[in-house]
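Q: I have a structure to look at and have not seen it before. Can you take me through it?

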Amino acid sequence: MSDTHAQSVAFVRDTEIPPSPPPARETGAIKWVRENLFSGPMNSILTIRGLLIAFWLLSGLIPWVVNGTWTGNDIRECREILQGSGGGCFAVVAERWPQLLFGFQYPDYLRWRPSLAFVLLFLAVPPMLFIMFLPRWTLALTAVYPFLAYWLIWGGTILTPIFIALAVLFGYFTFAKIEKRGFVTGLLAGIVVAAAIIWVGGLVAGEFSRFGRLEAVESRAMGGFMLNLILGIVCVSLSIPFGILLALGRQSRLPIVKGFCVVFIEFVRGVPLITLLFVANVVLAYFLPPNANFDLILRVIIMITMFSSAYIAEVIRGGLAALPKGQYEAGDSLGLDYAQSMRLIILPQAMKISIPGIVNVAVGLFKDTTLVSVISMFDLVGMIRGPILSSTDWAGVYWELWAAACILFFTVCYGISQYSQWLERQLRTDHH
Amino acid sequence: MAMTDTNPNAMAVSDEVAIEIKNMNKWYGSFHVLRDIDLTVQRGERIVICGPSGSGKSTLIRCINALEEHQQGSIVVDGTPLSSDLKNIDKIRSEVGMCFQHFNLFPHLTILENCTLAPIWVRKTPKKEAEETAMYFLEKVKIPDQANKYPGQLSGGQQQRVAIARSLCMKPRIMLFDEPTSALDPEMIKEVLDTMIQLAEEGMTMLCVTHEMGFARQVANRVIFMDAGQIVEQNEPESFFLNPQNERTKLFLSQILGH
C-alpha cells in the first residue's frame, strides 16, 4: 500500500470496483457450539453446569407431567392411581375445569352463553388488531360486540344493551356536533345526552323486561377465568382512550384541565390498586343512596380503569414528549386545528412509540385482575384459593392448580406481547 | 385545470400588499427578541432575510404564521389581521406555506399522504382531487416516483422538496422558508434551491431566511439584514452586496463571503 502511495500521489479511478459478496463465514453446528458454549474453560464449566441444572429440573418435571393422572374424583382416588409414582394429580383440573373457567355460581346450564361470547371475541377482536388487512366495515363487528357479549353473559332483556349502545352512539354524535364550539362544552353535552338516553332506556327496559329476554345472571355469580377476562378486556379497552385524554389534558394550556389531570394521575399512581379495590367494595357504598343498585363488577371496573388509565397516560406522555416540536409546528403551519393535528399527526406517532409501554401496562393490568380475589370475588385465583383448595376433595393439590392458572394467564399475556411486537414491526416506516 | 396563477410577467411585483408588519415587538420572557419591526411585503416580492444566528430572523417569519406569538404591534397577512382569534390564525396558516430547516415531514405517512393530508382535512378537498394535485406538485419538484415511499426512505434534499410540494398543495399565496438548506449536504442544496428559484419565477411571494447568497443575488428583490432583533439594513441585492452601508452588515458580509 505504501509503495502505491509513493509511486502516485495523484490518482484517478478509471474502473469501478464491482460489488462482491462478503467473505463466506465458517458455518456449521460444531463451529457454533465451540464458539458459543465451549469457547474457554470458564464457559465450558458454565455450560456443563447449565446442562446439569436443566437435567435436574426436567427429571422432576417430566415424570410429574407424564405419570400424572387426569382421572379420579378426589385427592384420595388420585393417590391410589398414582401409587407414589411422582406424577401430578391433574384430575383436579379436569374435574374442576368448568369452575376454573366460570366460577362456582354461574348456572351450569347457561355456560354456553359466556362460551359463545368467548368464541365471538375471535370475530370481534381481529378487525381492531388487523384493520390494515381487513375491510373497514368489519370494525362494526368490534363495535357491536361489547353489547352483545354483555347480553349473553348477564342475560336480561336485550333492550338494556341496545339503549346503552344508543346512548354511546348519540352521546358521541352530540359531542362531535358541538365539539367545534369547545371541547369541554361538547363533552358535557355528549354526557348529558347519553345519561338521558340511559335514564329513558332504564324506564323502557323495566316496562318491557320480557322483550328479547335471556335468563338473567347476577354479577356476583361471575367467576373463574371468565371474570379475569371480562375485567381485563373491558378495563384495557376503556383505559386506553381515558389514558390518551389524560395525557393530552396534562399538556393542555388550560390550567383547570391540566390541574385536574395532574392531580388525578399523581393521586392514582400514588395509591395501591388493592386499596382502590377495597374502596370499590366497601367505601363507595357509603356515598351511594341506600338500595342504590350499583353493581360490584361495575365498581371494580371503574377502579381498575382509573388505575390503569393513569399509568397509560404517563406512558403516552412519554411518547408525546419524544416527538420533535417540528411535528406540532408542521401541523400548525398547514392550518390543521388542534383536534386534527392530534388525531392525524401527533397521536399516531406518540402511540407507536408508546406501544411497548402500553402493552406492559395492559399485561400487568390483566394479571392484576386476580387481586379482586381479596375482595371476595371468585376469579381464577379466588376459585383456587377458596372453593377448590378448601374443599375436602382437593385440599392440598397446589402444584397442579397453580400450574393450570399460570398456563391460562401465560397464554393470554404471551399472545398480547407477540401481537405488540408484530405491530411494532408493521408500523415501522423507515428503511424497508 | 389552472394549478397556479401563472403570471406572464412572472418576475414583476404588484403594488398589492401581501404582508404588513407594523411596529412589532416580541419578548421571550424578559429577553427582547424582535424590536420595532416594520416590514411591508408586496405581492410577488421575494425577500431574503439574513443575519447572524440569534438575530431573530427565524422568529420574525415564524411570527407571520403565528408559530410564535408577538406581544406588540400588528401583523396583517393578505388583509387578515393576526390576533389571538383562532379563526384568523387558521385562515392565515392555510394561506401561508412554510418550509422548515428540518423538513418536518410526517414520518408515519407516505409522501403522497403527507401532501394530501392538509387539503383533505383543512380544505375538505375530495381525496381523488387532492391526490391529483399532490402528484402535480410532486412532479413539479421532480419526485413523483417516490410518492408511495415514506419520508425516512428519502434523502434530505428529496425530503425538503417534498416539504415544499406539501406546502404548495394548499395553494398558498405566500411561502415562508426557514433556513431550508441549512440541514442539507452540499450536494443536495442545489436541487432545493432550483425548486425555490422555479417557484420564484412563477411569481410566488416568498420570504426566505437563508445564507445562500447566490440564491439571494439571483432571485431576491430585496435583502434584509437583521441583527439583535432589529432590521439593520435592507436593499436590492446588487447594492446590498456591493455597497453595504451599516458597519455590522459589512462585517457580516465580509465574514460569509470572505472565504
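Q: At what angle do helix H5 and helix H16 of chain A pack?
A: Before that, a note on the source: this is a predicted model, where local features need pLDDT of at least 70, side-chain atom pairs count only at pLDDT 80 or more, and totals for chains, interfaces and linings use all residues. Residues are numbered from 1 along each chain as its sequence is written, chains are lettered from A and ligands numbered from 1 in the order in which they are written, and side-chain values use heavy atoms, with hydrogens and water left out. Helix H5 (residues 91–102) and helix H16 (residues 380–388) of chain A pack at about 120°, and their axes are 11 Å apart. Helices (H or I, at least four residues) and strands (E, at least two) are DSSP runs, numbered from the N terminus. Axes are lines fitted to C-alpha atoms, for helices over the stretch in contact, with angles from 0 to 180 degrees between N-to-C directions.

Q: What do you call H5(A) and H16(A) relative to each other?
A: H5(A) and H16(A) are oblique to each other. Under 35 degrees counts as roughly parallel, over 145 as roughly antiparallel, 65 to 115 as roughly perpendicular and the rest as oblique.

Q: Which residues make that contact?
A: From H5(A), Val92(A), Arg96(A), Gln99(A) and Leu100(A); from H16(A), Leu380(A), Met383(A), Ile384(A), Pro387(A) and Ile388(A). Contact means heavy atoms within 4.5 Å.

Q: How do H11(A) and H13(A) cross?
A: The axes of helix H11 (residues 255–269) of chain A and H13(A) come within 9 Å and cross at roughly 115°, so the two helices are roughly perpendicular.

Q: Which residues of H11(A) meet H13(A)?
A: Phe264(A), Ile265(A), Val268(A) and Arg269(A), and their partners in H13(A) include Met306(A), Phe307(A) and Tyr311(A).

Q: Why does the length of H13(A) agree with what a helix should span?
A: H13(A) has 27 residues (296–322), which at 1.5 Å a residue should span 39 Å, and its end C-alpha atoms are 39 Å apart. The expected span is 1.5 Å times one less than the number of residues.

Q: Now H10(A) and H17(A). What is their angle?
A: Helix H10 (residues 224–250) and helix H17 (residues 398–426) of chain A pack at about 25°, with axes 11 Å apart. That makes H10(A) roughly parallel to H17(A).

Q: Which residues make the contact there?
A: Phe225(A), Asn228(A) and Leu229(A) of H10(A), with Leu408(A), Phe409(A) and Val412(A) of H17(A).

Q: Switching to chain B: where is Asp36(B)?
A: Asp36(B) is in strand S2 (residues 31–42) of chain B. Its phi is near 45°, a positive value in a residue other than glycine.

Q: And what is the phi of Lys171(B)?
A: About 50°, positive although Lys171(B) is not a glycine. Lys171(B) sits in the loop between helix H5 (156–168) and strand S7 (174–178) of chain B. Most residues other than glycine have a negative phi.
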